[in-house]
Amino acid sequence: MKKLYFALSILTMSALLVLSCTNFLDQAPKSVLSTENFFLSESDAIAAVSAVYDKLNKRHLVNATAWIYADITTPDTSTPSAELDIAVFDNFNLGTSNPYLNGNWPELYEGITRANYVISNLPGMADIDNVLKDRLLNEVKFLRGWYYFFLVQAYGGVPLITEPINISDETQYLVPRSTKEEVYAQIEADFTAAEALPATYTGSNVGRVTSGAAKAFLAKAYLFQEKWELASSKAQEVVASGVYQLLPSFRDATWNKNTLESIFEMQSIGGTPGWEDDNEGNSIGIWARPTCFGGWGLHNGTQDLYDAFEDGDPRKSYTLLDVGEEYDGQVLPSGCLPDNTYALLKLLGDPAGGTGGDANGSQNFIFMRLSEVYLMIAEANVMIDNLSAAENALEVVRNRARNDVNADAGALPTLSGLSKSALIDAIRNERRVELASEMKRFYDLVRWGIAGEVIRADGKNFIDGKHELFPIPQSQIDISQGTLIQNPGY
Amino acid sequence: MISKLRGFSLHRGYGVRNIAKMATAAILFFNSLTAFSQSLEITGKVVDENNAPIFGVTVFSVEDSKFGTITDFDGNYSLIVPANSTLRFSYIGFQSQDIQVMNQSIINVTLESLTSQLDEVVVIGYGTTEKKDVTGAVSTISSDLITQAPVGGLEQAIQGRVAGLTVVQDGSPGGSPSVRIRGIGTIGNNNPLYVIDGVQTTGGLNSLNPGDIESISVLKDASSAAIYGTRAANGVIIVTTKRGRKNTPTQVSLSILNGFQQAWKHADVLNAPEYARVIRESRVNANTQRTANGSTDLLPLVPEFDNPDSQVSLTNWQDKLFRSGHIQEYKLDIAGGNETTNFSFSTSIRDEEGIILNSLFRRYTGRVSLDHAISEKLNIGATLFYSHRNSQGVPNNDIWNGALQSALTMPENFPVRNADGNFAAPTGGNAGIYGNSQNPVAQALRSDNSSPINRVLGNVFSEWEMLEGLKFKSMYAVDLTSSTSKYFQPTFAEGSRPTIIATLSQSSGTSSWWGFDNTLTYTKMFNNHDFSLVVGTSAQKESFESFSSSRQGFPEGNPEGLRYLDFGGQGSDLVSGSGGTATLLSYFGRFGYSYLDKYLLSATLRRDGSSRFTEGNRVGTFPSASLGWRISNENFLNKSEFLTNLMVRASWGKVGNQDVGSYYPYVTTVGFNNRYNYVFNGQLFPGAAVQRLGNPDLTWETTEMKNFGIDMDFLNSQIVLSADYFVNDTRDILLQVPLPQLIGQVQTPNVNAGNVRNDGLELVLSYNSAGDQDFNYSISANASFLNNKVTSLSTATEIIANNDLRGSDPVSRAIVGEPIGSFFGFVTDGLFQSQEEVTAHAFQEPNTAPGDFRYKDLNNDGVITGEDRAIIGNGFPDVTYGINFGADYKRFDLAVFFQGVNGVSVFNGLEYLTMNNVGGNKSAKILDHWTPENTNTTIPRLTWDDPNRNSRVSDRYVQDASYLRLKTVQLGYNFGLNVIQALGIKHLRAYISGQNLLTFTSYDGLDPEVTGSDLAIGVDQGIYPQARLVMLGIDVKF
């Protein structure tokens, strides 16, 4: 009996030992930060906003997709036919399994999600200076508008999400597509709010969204909706602000970082670790860099673009590099690029910014320059029959090119007294050669209604009523339980 | 004797004094020898009741056990013992005998067996039972079967040995095969729970040395596994290691294995002239079609390919990449014991060169176990196991980066190295025509990665018989792993996508687990009632901590001596680190009862609490019960000579799974990551974003298991037959349900949603010949038939796996009503033979032409779109089986083991790659492509552009991968007494062993055994072919 009691007491003690660790099962989370513990300090807010900008520098947004959608599809640029995933954009043979089609949608919506997270959490933050708070809020609104602008140009009307989604409520993510008009209304609201941003920044804030950027993109949004008066007046505000100037050198305007002409740029720096999307370097250059210069040679200018420049136009040699010409101390040999193609110098950028090898160059990419603002003024005004205002704006752009050190004498004469339709053509062509390879061409052709005509003339199989828009990824159509309808023809 | 020699020293040279000392020592030594003059040499033979010789019987002098030996293969022994010794004959499973040595010189002994096969002890959860009393579904594997295959890993060794246990290998040295018990129950972790000397773990088994294992019990149903509660949903494998035995003279065993392994198969690809012709023709065809469409943009033709026959095959890449790998293994075991203590010690080294260049696996292990009886009622024991392993090689089953994939897509026109000594690869404008292929030899040789892992498993326990029948056992077990890895990616210049910046990543992590189990066992027998009761608690804690760092930009030329972080570019630092802890607290009990050994009942109950879930969702209760009826003990069947056992069993129970992947799935997390950073005016700004959505309502998965079984034993286990039918329903499975990308790229939370059903039949049959002196044999076979079906998936109708093949649609998905990991794609319907056929069929693509695939219009809407896809197969086998044949004749022993799988499909991703890769080498099958002259074929026309997108994921690539393998053959010879005595040892066996000697399969890929994640089961992205091994071995016992 004694033994039994002794035994039982040992047993009880050990059982109690185990049971006494009552909080044995309460393990506080390690190495995870919960949303309750975030947005408490100024640096949290700045970090959250940086993550919204971060999406500008991704392969499936700007670094590859933007030019694949906007330039490869047009007669302006091409890719070697062996690169099948990109070549299908050249000849509009788009299938549901293309990585560039499938990767773009989620990148844009992640940008929007991050913006919505900031917009809903930032106002409630206590520990932050109000001026900084408002500025950060408006920066993020601009970016949200910018991402929606990309979506509406590429896909048409899309689901409008303006608040963080609570996934226990499926109506918040099974959202149908809004109309194009509704999306533009949201874009206009966001850009308008951002007009309150500072006009300029200094030091390490250079590169953030400015008031001028908001106005310029608002003007562009108006232009795309053919709201010509609004476009013209908003664009004039950018010019009138006096913040921006056309640089005398087209080279400097397209190669240098954060110049007086630049209104909004993707900021980059080489040497940060990681591959492509993980680093903060420029990953656009390496696609366009010829293989004999150590790049991938997958984005080249065409003969068609080459021929579009007027005689003596210095911008041709600043945009396209031909066989026998020099870049970064090397001469482009023949056979390096496919026949009748050229290297795209704007995308290669300033050689001092590094080779861009390993997708980590130091050059920026310019989304909006003052010369585009002038071209918008020209285009808006000609459409409302203010021919002289249009001609004046057009002249500003041509004048800069004409006075470039590399221009031929007598090149790019002043255009005046043209008929409306001839002026429209002249403005469109000027837009093409001034902004060549800056990831805009396809959307211009579409909004002018001439995409089919121009692209079919190049021998490509563009189907009207289908190919003006890109298909929404099939997996997203499938998972939407019927709320998302695919674009016609796909 | 030794003490008298203490003053003797060799260092001082050979003076007279020293010679005197030496002489003294010699005399004393010889004196002691003469003490032996009173010894006898005894020989004899030990047999069992059937007069069959027993090999391995320990024969030793009770007075001084250093005089001992063991019987040889014929049962013979020979021993010199002092006169008047008592000789003891002892062997496990037999009654020991003591015989006094007088002056006889021959002592023959017949040993009586203690038990029959049915009384064999089987290890079950927290206890043992006799095999005949098992009412659940438990299978065992003995140590000689485990060591029969000359492989390095435990999982490989048990493949095919147990019905319902499927192992799929991955072919790489030191690789991780997938082990599944009774199918796949969940989308997450399907690994069974391994209990190794009390340590509970689910992975890292290639740290263990299979030679250390005494036995393995596989607990397949709920009644046997439920006592492990929330870790048991995928079944439990209990591993018991060797411990030595009391009252046994020390035995030293040495085992040496040496051999080679090679890939058993190479793929058939085009040679250089064929390649040139195929590329040229595909480009010409594309241009013809483009011209017909009015385009002037034509593909340039490669001038060298104008005369295809002038191309020369310079390199057979598979020959260069595969090699004969040398394997060697050395094992030393020492075990023994006296009346109170037994111990075992073992150490092993395995060094294995893989079948691919520059791949290898190395493992060193050391183990000590000790058991001591402090008193008759109190035992203590401890075990310590240490293992160091390391492996190196190129990625396996990786369609993007594998060297194997490069070997198949790199054309043969290239040499391995150019004249300047650098590796050759396609560069320049024509690189695309050559598929932008990488040089596989360069990839393999350049690979510089190593991940040494050090693991310690240990336990300390005590067992105390407090009262008669009442035992208290307490055990503390630990599992500590420390791993580091170093991966250097060098720069290289060859090829069209060279790497110009080198990267070094290093990481280090430790993970630890400890478990504290306390159980109280009570057994009581009276009249014909037999009771047993086990109650206990178990507390477990696991945690990990790791950090990693990397730098880019290393000195030119990648010098090996400078592959350290110090030499990487300043400012390119990338560091990260994390950690976590999870705990589990459980209470359990098992009650067993049997009456007259005829009616048996067993019931268990376990209650678990897990830290991974929030309060209120933490606790789960897992009951089980099983019944058995031994019909053969009923009066109408009793005393039957023929039918020694007939038992029917039924069981039911619930087990759980709490393995969510993250330790804190309930938290919505925000994170910083260099991926979110941005730069303003050249200055880096860190970014933070929401990473994962949490689910505070998350709780266990539960599996309800039912099992019905029948066991039949004839002629005293000469013939054994066993059948089990089971139905397992897994509910509330933990799923990351995919949501529309409108929510962003956050990781969606885990939810409890979805059910999966596994049901099937297992059969086991074995036959042991009655055996005579010279010849004995046995045959056993097992087969298991399994059906798997996803029965529901909450809101989603399907879950799509992440396994696209270089940008194709994902191949696999889980769909309600189909097995997990079904293949999904288009359905082909032959090739179009004429343009009329193209027009008559539903619209596919604008430029579809004769020779292209016709895809079925499944929804009859006249257009082939994404809606026209369907389930095209799945990777679940209909039946897996194993057949083992063992025989011994005189001194020879032979074991032959076949293993096979029938009725299984594989999506041949490697064929997909080599038929659709634009540019690059192709499968030789493409030579049978469609032309207007060659219309009777399944291979579509050659065209560079592929306007019809013949490269879609379709049933074209789904193949039958049924196979039968001659898995293991081992032929051994046991040397006779004369040789053994001459060498002064106790036993010597030499053998030759082969693994994967023959494979019968109609599958085209490199190997029909394809591992992968469970959601993507059966997709071959270029898996290493299994190695064919031939090894020579020697076992010596001292």
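Two residues are said to be in contact if their C-beta atoms, placed from the backbone, lie within 7 Å. This report describes a predicted model, and it begins with a pair of helices to which that definition applies.

**A helix pair in chain A**

Helix 15 of chain A covers residues 370-383, and helix 17 of chain A covers residues 420-434. The two pack at an angle of about 160°, and their axes are 10 Å apart. Angles over 145 degrees count as roughly antiparallel, and helix 15 of chain A is therefore roughly antiparallel to helix 17 of chain A. Their crossing is left-handed.

Which residues of helix 15 of chain A meet helix 17 of chain A? They are A:Ser371, A:Leu375, A:Ala378, A:Glu379 and A:Val382. From helix 17 of chain A come A:Lys420, A:Leu423, A:Ile424, A:Ile427, A:Glu430, A:Arg431 and A:Glu434. By class, the residues of this contact divide into 6 nonpolar, 1 polar and 5 charged.

**Chain A as a whole**

Chain A contains 20 helices and 9 strands. Taken along the principal axes, its C-alpha atoms fill a box of roughly 120 × 50 × 50 Å. Of the 490 residues in chain A, 53% are buried. Among the contacts in chain A with a separation of 6 or more, 67% are between residues 24 or more positions apart.

A:Gln363 is found in the loop between helix 14 (345-348) and strand 9 (365-369) of chain A. Is A:Gln363 buried or exposed? A residue counts as buried if 20 or more other C-beta atoms lie within 10 Å of its own; A:Gln363 has 27 such atoms within 10 Å and is therefore buried. Leaving aside neighbours within four places in sequence, A:Gln363 is in contact with A:Ser268, A:Asn282, A:Gly285, A:Gly349, A:Asp350 and A:Gly353. A:Gln363 and A:Ala231, by comparison, are 132 residues apart in sequence and 30 Å apart in space, C-alpha to C-alpha.

**Where the two chains meet**

The contact between the chains takes 82 residues from chain A and 82 residues from chain B. On the side of chain B that touches chain A, strand 27 (residues 574-595) of chain B gives the most, with 8 residues. That side of chain B has 37 nonpolar, 38 polar and 7 charged residues.

Within chain B, B:Gly671 stands opposite B:Ala689 in strand 34.

**Strand pairs and a second sheet**

Strands of a sheet pair through backbone hydrogen bonds, either parallel or antiparallel. The table lists antiparallel pairs in this model.

| Strand pair | Bridges | Direction |
|---|---|---|
| Strand 1 of chain A and strand 31 of chain B | 2 bridges | antiparallel |
| Strand 31 of chain B and strand 34 of chain B | 4 bridges | antiparallel |
| Strand 25 of chain B and strand 26 of chain B | 24 bridges | antiparallel |
| Strand 26 of chain B and strand 27 of chain B | 22 bridges | antiparallel |
| Strand 43 of chain B and strand 46 of chain B | 5 bridges | antiparallel |

Strand 25 and strand 26 of chain B form a hairpin with 2 residues between the strands, in which B:Asn527 takes a positive phi near 45°. In this pair B:Trp513 stands opposite B:Glu542 in strand 26 of chain B. Further along, B:Ser550 stands opposite B:Leu574 in strand 27 of chain B.

Another open sheet of chain B has 4 strands in the order 41-42-43-46, with antiparallel pairing. Strand 41 (798-800) and strand 46 (869-874) of chain B each have a single partner strand, so one side of each is left without a neighbour in the sheet. Neighbouring strands of this sheet are turned by 40° against each other on average, direction ignored. B:Phe826 stands opposite B:Arg869 in strand 46 of chain B.

**A covered helix in chain B**

Helix 10 (residues 909-916) of chain B is mostly covered, as 6 of its 8 residues are buried. These are B:Gly909, B:Leu910, B:Glu911, B:Tyr912, B:Leu913 and B:Thr914. Their cover includes helix 7 (403-409), strand 49 (905-908) and strand 53 (1019-1020) of chain B.

Technical notes:
Residues are numbered from 1 along each chain as its sequence is written. Chains are lettered from A and ligands numbered from 1 in the order in which they are written. This is a predicted model: local features need pLDDT of at least 70, side-chain atom pairs count only at pLDDT 80 or more; totals for chains, interfaces and linings use all residues. Ala, Val, Leu, Ile, Met, Phe, Trp, Tyr, Cys and Pro count as nonpolar, Asp, Glu, Lys and Arg as charged, and the others, Gly among them, as polar. Two strands pair if DSSP finds at least two bridges between them. Axes are lines fitted to C-alpha atoms, for helices over the stretch in contact, and angles run from 0 to 180 degrees between N-to-C directions. Angles under 35 degrees count as roughly parallel, over 145 as roughly antiparallel, 65 to 115 as roughly perpendicular and the rest as oblique. A crossing is left-handed if the near helix is turned anticlockwise from the far one by less than a right angle, and right-handed if clockwise. A residue is buried if 20 or more other C-beta atoms lie within 10 Å of its own, exposed if 12 or fewer, and partly exposed in between; C-beta atoms are placed from the backbone.
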